[in-house]
Amino acid sequence: MTWETVIGLEIHVQLNTQSKIFSGASTAFGAEPNAHASVVECALPGVLPVMNREVVAKAIKLGLALGAKINQKNVFDRKNYFYPDLPKGYQISQLDLPIVAEGRLEIVVGDEVKTINVTRAHMEEDAGKSVHEGLNGATGIDLNRAGTPLLEVVSEPEMRSAAEAVAYAKALHGLVTWLDICDGNMAEGSFRMDANVSVRPKGQAEFGTRREIKNLNSFRFLEQAINYEVEAQIDIIEEGGKVQQATMLFDPDKGETRVMRLKEDAHDYRYFPDPDLLPVMISDGQMQKARDEMPELPGEMAQRFVADFGVSDYDARLLTAGRAQAAFFEEAALASKQGKLVANWMNGELAATLNKEGLDLAQSPITAARLAALVGKIADGTLNSKLAKQAFEAMWASPEATIEQIIEEKGLQQIVDTGAIEAMIDEVLANNAKAVEQFKSGNEKALNALVGQVMKASKGKANPAQVQELMKAKLG
């Protein structure tokens with residue numbers, strides 16, 4: 001039996017407002033437990049919620065960026081359930097009439113570009129947090145997070161692999177940080193992912209029974225959790241069992257999912273419109289203001305990079321995966337006037353080194369200005385590709401040194417003197433008569449071997465193109 005994976009993601013995006021969605025309490029992370037819990041979050045009798053206008057503005061921004069429909073009239077509902085960190089006994093959310101509907105997000109997996117439809121994005125309040133550690137078996141309740149504004153972004157179940165799910169999550173993470181509506185800090189819970197996973201026989205139209213993996217806070221955990229859950233569901237079915245709809249937790253230490261509780265359906269939450277909150281009415285003027293304030297979006301910037309700097313579509317997508325990355329590229333490309341070279345180095349050597357060192361771009365010892373200086377030396381013939389890699393390594397190790405200082409100290413100047421190169425070629429030809437004869441007999445690979453010998457003799461400093469041209473001339 002060939003199985004097909006079906007994945008949909010529900011991603012909780014914490015909006016970076018100063019105050020909570022229905023009170024003036026602070027949203028700052030890391031305070032003492034319950035220091036930011038107001039009478040609203042504590043659900044004291046007679047206290048009413050007051051809507052934070054900034055939450056609506058940020059939700060509109062995301063809707064516009066997703067090319068979605070903005071419901072200018074949207075309604076808050078009560079989602080009823082009982083849990084210790086939810087003092088009211090319900091969560092204020094949106095069900096039938098959310099603020100954002102019918103959007104789409106483009107993702108790149110390998111060389112393939114795919115569009116994932118976004119069902120909805122709705123505003124809601126976060127719950128508090130149950131604390132179990134260090135309390136001698138007791139459970140504490142911290143309501144600092146309660147009432148923090150969230151946008152829950154719900155995709156269609158259109159992803160067919162963990163790789164696609166990760167690409168979608170990364171694309172959304174990049175977009176919300178690009179729009180500056182979320183700080184994207186996954187360690188602090190600003191961007192949390194729930195994965196709905198099911199399997200079905202290849203070619204079957206109807207979906208299998210889904211299980212939801214809750215509160216994944218890293219892309220690596222998202223990939224591991226989905227892959228484990230897919231194999232677990234296939235094993236259950238192939239052994240004659242049935243997958244039960246359930247809420248799952250992922251244990252990163254064991255690399256496996258486990259059942260948390262049997263899954264509720266929407267009717268179990270007894271949704272109904274919240275009587276304490278009027279419908280949110282968004283005027284045409286507010287919509288126009290939001291459009292006017294929208295930044296250049298990643299897709300638009302990628303097209304501009306292709307047109308202005310001559311980079312490939314693929315490179316442009318990588319370069320606009322995040323706002324900081326796009327700004328870094330544009331600064332380096334404008335300074336060096338070498339867009340293609342900058343793109344090659346950013347997506348190649350720089351990305352690989354950052355990954356190896358576990359750093360992000362903001363921590364790179366090679367700034368945009370330093371990378372521009374490096375590619376400038378490649379473009380003017382001072383450095384060939386081999387010498388440039390040596391210079392890059394030296395720049396990484398010496399953040400204060402200029403490219404000129406490194407070239408001089410390391411002796412990395414490329415040899416372009418025709419006489420010096422010809423002398424090395426003559427010596428190589430004299431010592432490799434067999435390769436010369438092979439080339440003259442039509443063996444083109446022999447030329448590469450001869451050029452390689454010259455490069456070796458020059459310790460990698462000769463200009464390879466110049467060597468090849470002079471070599472061909474010598475060989476007639």
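**A walk through the model**

Reader: Which residues does His132 touch, not counting residues up to four places away in sequence?
Author: A contact here means that heavy atoms come within 4.5 Å. Once the residues up to four places away in sequence are set aside, His132 touches Ala138 and Thr139.

Reader: What kind of model is this?
Author: Residues are numbered from 1 along each chain as its sequence is written, and side-chain values use heavy atoms, with hydrogens and water left out. Local features need pLDDT of at least 70 and side-chain atom pairs count only at pLDDT 80 or more, whereas totals for chains, interfaces and linings use all residues, since this is a predicted model.

Reader: Does His132 count as buried or exposed?
Author: His132 lies in the loop between β8 and β9 (140-142), where helices (H or I, at least four residues) and strands (E, at least two) are DSSP runs numbered from the N terminus. The classes are buried under 20% relative accessible area, exposed over 50% and partly exposed in between, with a 1.4 Å probe and protein chains only. Because its relative accessibility is 53%, His132 counts as exposed.

Reader: How far apart in space are His132 and Cys182?
Author: In sequence, 50 residues separate His132 from Cys182. From C-alpha to C-alpha, the distance between His132 and Cys182 in space is 28 Å.

Reader: What radius of gyration does the chain have?
Author: The radius of gyration is taken over C-alpha atoms, and the globule rule is 2.2 Å times the number of residues to the power 0.38. A compact globule of 476 residues would have a value near 23 Å. The C-alpha trace spans about 95 × 55 × 50 Å along its principal axes, and the radius of gyration of the chain is 29 Å.

Reader: How many helices and strands does the chain have, and what share of its residues count as buried?
Author: The chain has 15 helices and 16 strands. Among its contacts with a separation of 6 or more, those between residues 24 or more positions apart account for 68%. Of the 476 residues, the share that count as buried is 47%.

Reader: What volume does the second largest pocket have?
Author: On a 1 Å grid over the protein atoms alone, a pocket is an open set of points with protein on both sides within 12 Å along at least five of seven lines, a cavity is a set where a 1.4 Å probe fits but cannot get out, and lining residues have an atom within 4 Å of a point. Grid points are joined across faces, edges and corners, and a volume is the space filled by probe spheres set on the points. For the second largest pocket the volume is about 2,000 Å³.

Reader: Which element gives the most to the lining of the second largest pocket?
Author: The lining has 49 residues, and Lys170, Arg317, Thr320, Ala321 and Gly322 lie nearest the centre. Elements that each supply at least two lining residues include β6 (100-109), α2 (162-178), α5 (298-309) and α8 (339-357). With 10 residues, the element that gives the most is α2.

Reader: How many residues line the largest cavity?
Author: A search of the whole structure finds one cavity of 30 Å³ or more, and the largest cavity has a volume of about 90 Å³. Glu41, Lys88, Glu125, Ala146 and Gly147 lie nearest its centre, and the number of residues in the lining is 13.

Reader: Does Asp126 count as buried or exposed?
Author: Asp126 lies in the loop between β7 (112-125) and β8 (129-131). Leaving aside neighbours within four places in sequence, the residues in contact with Asp126 include Arg145, Ala146, Gly147 and Arg192. Because its relative accessibility is 6%, Asp126 counts as buried.

Reader: What phi does Asp180 have?
Author: Asp180 lies in the loop between α2 and β11 (191-201), and at a relative accessible area of 47% Asp180 is partly exposed. Although Asp180 is not a glycine, its phi is positive, at about 60°.

Reader: What is the relative accessible area of Ala43?
Author: Ala43 sits in the loop between β1 (3-14) and α1 (53-65). Its phi is near 60°, a positive value in a residue other than glycine. Ala43 is partly exposed, and its relative accessible area is 29%.
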